[in-house]
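Me: Could you walk me through this one? I'd like the surface to begin with, then the inside.

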Amino acid sequence: MNSRIADIQSRMIALQTQQAAKTAQAQPTTVQGGGSGDDFAAKLQEAMSGTTNTAGTSARSFTLNSKGIPTELAAYGNGKIPANALEQVGSTRHKLWAPAAQGLNQMIADAKREGVTIGITDSYRPYEEQVDLARRKGLYSQGGLAAKPGTSEHGWGMATDLDLDSKAQAWMRKNADKYGFVENVPREPWHWAYKPKTA
């Protein structure tokens with residue numbers, strides 16, 4: 001029951017965020033004292049979604065299980081996250097768990113304003129894709145590049161592989177934690193995982 005409530009809350013926040021962005025794009029804005037329409041959209045999103053952290057992303061907290069996975073995701077299973085719990089990253093074909101996608105979208109936009117380009121090469125992986133990747137690239141525990149199928153952070157929609165030049169990598173290492181992302185796989189500097197705040 002609690003996971004269903006959390007899922008509904010997550011979807012409501014995602015819908016509110018999308019509506020705020022559409023409203024901000026549809027209405028011309030006048031910003032007093034300088035600024036941009038992006039500032040207005042961020043403030044509107046903040047007002048609609050509740051509290052925010054210093055990066056302007058949702059500061060909502062989650063109940064995590066003993067492995068650090070939000071209970072609302074754990075109920076689905078790794079690699080079995082339904083489409084309604086995922087959200088698109090920008091205008092790409094990539095998707096992540098909605099709170100992770102929102103954090104990544106905000107991070108990419110903020111980096112862009114600072115002249116830094118962050119690309120994305122991989123995101124959520126259904127279980128079948130995890131099996132195929134392990135077959136093609138080998139298991140990480142055996143020197144390969146894939147997690148054991150059913151254990152991948154990608155299978156929770158909480159990890160992304162990014163396309164980063166040296167400037168973007170340095171920016172990420174300085175700022176990613178503000179958006180909930182950490183670099184946690186030593187041999188993969190492109191792999192960034194979303195770590196939600198705990199309730």
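**Surface, core and strands**

Reply: The protein exposes about 10,900 Å², of which carbon and sulfur atoms supply 52%; accessible areas come from the Shrake-Rupley method with a 1.4 Å probe, and for residues only the protein chains shown count as cover. This is a predicted model, in which local features need pLDDT of at least 70 and side-chain atom pairs count only at pLDDT 80 or more, while totals for chains, interfaces and linings use all residues. Residues are numbered from 1 along each chain as its sequence is written, and side-chain values use heavy atoms, with hydrogens and water left out.

Me: How many helices and strands are there in the protein?

Reply: There are six helices and eight strands, where helices (H or I, at least four residues) and strands (E, at least two) are DSSP runs numbered from the N terminus. Read along the sequence, they follow the pattern α-α-β-α-β-β-α-β-α-β-α-β-β-β.

Me: And which residues of the largest nonpolar core touch the most other members?

Reply: Of its 30 residues, those are Leu-104, Met-107, Ile-118, Leu-162, Trp-171, Met-172 and Phe-181. A nonpolar core is a set of buried Ala, Val, Leu, Ile, Met, Phe, Trp, Tyr and Cys residues joined through side-chain atoms within 4.5 Å, and buried means under 20% relative accessible area, exposed over 50%, and partly exposed in between (1.4 Å probe, protein chains only).

Me: Which helix gives the most to this core?

Reply: Helix 4 does, with five residues; strand 3 (95-97), helix 4 (98-113), helix 6 (166-175) and strand 7 (191-194) each supply at least two.

Me: What is Met-107 in contact with, leaving aside its neighbours within four places in sequence?

Reply: Met-107 is in contact (heavy atoms within 4.5 Å) with Ile-118, Trp-171, Met-172, Ala-176, Tyr-179 and Phe-181.

Me: Changing topic, is Asp-122 buried or exposed?

Reply: Asp-122, which has its place in strand 4 (residues 119-122), is buried because its relative accessible area is 19%. Its side chain is joined to that of Arg-125 by a polar contact of 2.6 Å; such a contact is a pair of N or O atoms within 3.5 Å, where within protein one must be able to donate a hydrogen and the other to accept it, and residues adjacent in sequence count only if both atoms are side-chain atoms.

Me: Why is strand 5 largely enclosed?

Reply: Four of the five residues of strand 5 (residues 159-163) are buried, so the rest of the structure largely encloses it. Strand 5 pairs with strand 4 in the antiparallel sense over three bridges, pairing requiring that DSSP finds at least two bridges between the strands, and three bridges also join strand 5 to strand 7, again antiparallel.
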